Amino acid sequence: MIFRAVRDGRPYPEHNLTLKQWAEIPPRPLRLDQLITTKRELALDKLLAEDSTFYGDLFPHVVQWNGGLYLEDGLHRALRAALQQRNQIHARVLVLSGQPE
């Protein structure tokens, strides 16, 4: 198994972080098998594109909420890492506090 779970949607509350605010969070290593995706589908052309992060953040965005690590942005990068036999990625992690679902 590559990821801990695959979801369709975000279970956590909206955080409204801008790209600039995300960029202020230092990246840290995370194991792929700890991550829960928030998207069920991906675009194969984006997965195979060499310049897929050219206009975006180099590091995936993860939201830590209620004990889970939710991969909000960066599914293609994480899957590309798995295809390259890597079991971890560096990601920016936003920690949200909240009540259990």
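Arg77 counts as buried, because its relative accessibility is 16% and buried means under 20% relative accessible area (exposed is over 50%, partly exposed in between, with a 1.4 Å probe and protein chains only). This is a predicted model, in which local features need pLDDT of at least 70 and side-chain atom pairs count only at pLDDT 80 or more, while totals for chains, interfaces and linings use all residues. Residues are numbered from 1 along each chain as its sequence is written, and side-chain values use heavy atoms, with hydrogens and water left out.

Let's stay with Arg77 for a moment. Arg77 lies in helix α3; helices (H or I, at least four residues) and strands (E, at least two) are DSSP runs numbered from the N terminus. Its side chain makes a polar contact of 3.0 Å with the side chain of Asp73. Such a contact is a pair of N or O atoms within 3.5 Å; within protein, one must be able to donate a hydrogen and the other to accept it, and residues adjacent in sequence count only if both atoms are side-chain atoms.

Arg77 also leads us to a pocket. The second largest pocket has 11 lining residues, and Leu58, Pro60, Arg77, Arg86 and Ile89 lie nearest its centre. A pocket here is an open set of points on a 1 Å grid over the protein atoms alone where a 1.4 Å probe fits, with protein on both sides within 12 Å along at least five of seven lines; lining residues have an atom within 4 Å of a point. Two or more lining residues come from each of α3 (75-83) and β6 (88-96), and α3 gives the most, with 3 residues.

Strands pair if DSSP finds at least two bridges between them. Strand β2 (residues 27-31) runs antiparallel to β6, joined by 5 bridges, and Arg28 has Ala91 as its bridge partner in β6. Strand β4 (residues 61-65) is parallel to β6, again with 5 bridges; here Val62 stands opposite Val93.

Finally, turn to the aromatic rings. Rings of Phe, Tyr and Trp (its six-membered ring) pair if their centres lie within 6.5 Å; planes under 30 degrees apart count as stacked, over 60 as edge-to-face and the rest as tilted. The count comes to 1 aromatic pair. The rings of Tyr12 and Tyr70 have centres 5.7 Å apart and planes at 50°, so this pair is tilted. Tyr12 lies in the loop between β1 (5-6) and α1 (19-23) and Tyr70 in strand β5 (residues 68-73), so the pair ties together parts 58 residues apart in sequence. Tyr12 is buried at 6% relative accessibility, and Tyr70 is buried at 8%.
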